[in-house]
Amino acid sequence: MSRVGKKPVAIASGVTANIEGQTVKMKGPKGALQFVVHDDVSVQMKDGAITVAPRFETKRARSLYGTARAQIANLVEGVTKGFEKKLEITGVGYRAALQGKNLQLALGYSHDVIYPIPEGITITVPKPTEITIVGNDSQRVGQVAAEIRSYRPPEPYKGKGVKYANEFIFRKEGKKK
């Protein structure tokens, strides 16, 4: 049994939760989000908290209900605090700038990479070598960060490229003469 799934998800003040069938809807100061729970998992609201339990004693149901509980907890955190990812750019001449609704990246290619900023995501560039991605949906914030990082992932010899702020790049030694 999942240790995470057993804990009820407390609904913060200022957040309204609504369960319609298998759809959990949250509304708070940072917007509204929803999540459709798998049919093998039952969702109930009791005493201002949402509890999740497997409907059947199958391996699939047991593995899904911990995930469903974590997703619902992310909804609560998303509509109250939101999520943030920071990226760092390392390399000579590598930089980022905002250009209207696009993020312009100079990453050592013959052309600049233009990344259109999706709806519901806010991107700021405090320094030319730092990018901050903010939004209320954990999955979308992570996906945008991964897409920007994929344009020039960090390489192991000099560490040049786009990396997460907390990421460690394992360095390799160059060839010897």
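Which residues does the UniProt annotation "domain: Large ribosomal subunit protein uL6 alpha-beta" cover? According to that unreviewed entry, the annotation covers residues 13-82 and 91-164; UniProt positions are given here in the numbering used for this model, feature names are shortened, and annotations may be inferred rather than shown by experiment.

Before we start: this is a predicted model, where local features need pLDDT of at least 70, side-chain atom pairs count only at pLDDT 80 or more, and totals for chains, interfaces and linings use all residues. Residues are numbered from 1 along each chain as its sequence is written, and side-chain values use heavy atoms, with hydrogens and water left out.

**Stop 1: the two annotated spans**

Select residues 13-82: this span is 31% helix and 41% strand, and its end C-alpha atoms lie 15 Å apart. (Helices, H or I with at least four residues, and strands, E with at least two, are DSSP runs numbered from the N terminus.) Now select residues 91-164, where the chain is 18% helix and 38% strand, with end C-alpha atoms 14 Å apart.

**Stop 2**

Select strand E3 (residues 23-28) together with E4; they pair in the antiparallel sense over 6 bridges. (Two strands pair if DSSP finds at least two bridges between them.) A hairpin joins E3 to E4 through 2 residues, and Thr23 has Val36 in E4 as its bridge partner.

Next, bring up the open sheet of 3 strands ordered E1-E6-E5, with antiparallel pairing. Its edge strands, each pairing on one side only, are E1 (9-10) and E5 (41-46). E1 meets strand E6 (residues 49-54) over 2 antiparallel bridges, and Val9 stands opposite Ile50 in E6.

**Stop 3**

Zoom in on E8 and E9 (residues 102-106), joined by 5 bridges, and find Gln99 opposite Asn102 in E9.

Then select strand E12 (residues 130-135), which pairs antiparallel with strand E7 (residues 83-90) over 6 bridges. E12 is also joined by 4 bridges to strand E11 (residues 121-124), and E11 and E12 form a hairpin with 5 residues between them. Center on Thr132 in E12: Lys86 has Thr132 as a bridge partner, and Thr124 stands opposite Thr132.

**Stop 2: the largest pocket**

Select Leu33, Gln34, Phe35, Val36, Gln71, Asn74, Leu75, Asp137, Ser138 and Gln139, which line the largest pocket. (On a 1 Å grid over the protein atoms alone, a cavity is a set of points where a 1.4 Å probe fits but cannot get out; a pocket is an open set with protein on both sides within 12 Å along at least five of seven lines, and lining residues have an atom within 4 Å of a point.) Strand E4 (31-36), helix H2 (59-80) and helix H3 (138-150) each give two or more residues to this lining, and the largest share, 4 residues, comes from E4.

The pocket holds about 160 Å³ of space (grid points are joined across faces, edges and corners, and a volume is the space filled by probe spheres set on the points). Color the lining by type to see 4 nonpolar, 5 polar and 1 charged; Ala, Val, Leu, Ile, Met, Phe, Trp, Tyr, Cys and Pro count as nonpolar, Asp, Glu, Lys and Arg as charged, and the others, Gly among them, as polar.

Where does the largest pocket lie relative to domain 1 (9-81) and domain 2 (83-164)? Both domains give residues to the lining, so the largest pocket lies between them; the bounds come from an automatic or database domain assignment.
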